[in-house]
Amino acid sequence: MDTVSKSQRSYNMSRIRSKNTKPEIVVRQKLYNQGLRYRLHVKHLSGRPDIVIKKYKLIIEIRGCFWHGHRDCKYYSSPKTNSSYWSEKISRNKKRDKENGERLIKEGFKVFIIWECETKKIEVLNSKVEEIVSYKETLM
């Protein structure tokens, strides 16, 4: 059973953004501080990736743990109400993520995925950003 009213739940869900989320901003700041310049939500690429570094053919996707079904994560739990809708929704999101990633790889991009929970732990985030920077340096 839901702990808030239907109208309150509707309001809460309407406030959730798909762009410029806190995890995205944290990652972007780290990348910028490392000297990487990027474009956001490039329309002509499959799935409109969150961050694109065209010069090095890099894509960085920042995924919300709930919306993309991050397994074994404390930020993901299957909703108790309307569970069939949510399981289908999250399954579709996962399928779409996989298809978009495959298309981007076929176009020659290297795709990095950073999960929302990884942006909350500074050591993990730093290692992810370092992995991206190291990959960029191998291309130079």
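A: Contact here means heavy atoms within 4.5 Å. Helices (H or I, at least four residues) and strands (E, at least two) are DSSP runs, numbered from the N terminus. The model is predicted, so local features need pLDDT of at least 70, side-chain atom pairs count only at pLDDT 80 or more, and totals for chains, interfaces and linings use all residues. Residues are numbered from 1 along each chain as its sequence is written, and side-chain values use heavy atoms, with hydrogens and water left out.

Start with the residues. Helix 2 brings V26, V27, K30 and L31. They meet I122, L125, N126, V129 and I132 of helix 5. The residues of this contact divide into seven nonpolar, one polar and one charged (Ala, Val, Leu, Ile, Met, Phe, Trp, Tyr, Cys and Pro count as nonpolar, Asp, Glu, Lys and Arg as charged, and the others, Gly among them, as polar).

Now the geometry. Helix 2 covers residues 22-33 and helix 5 covers residues 122-139. Their axes come within 10 Å and cross at roughly 50°. That makes helix 2 oblique to helix 5. Axes are lines fitted to C-alpha atoms, for helices over the stretch in contact, with angles from 0 to 180 degrees between N-to-C directions. Angles under 35 degrees count as roughly parallel, over 145 as roughly antiparallel, 65 to 115 as roughly perpendicular and the rest as oblique.

Step back to the chain. Its secondary structure comes to five helices and four strands. From the N terminus on, the elements run α-α-β-β-β-α-β-α-α. The C-alpha trace spans about 55 × 30 × 25 Å along its principal axes.
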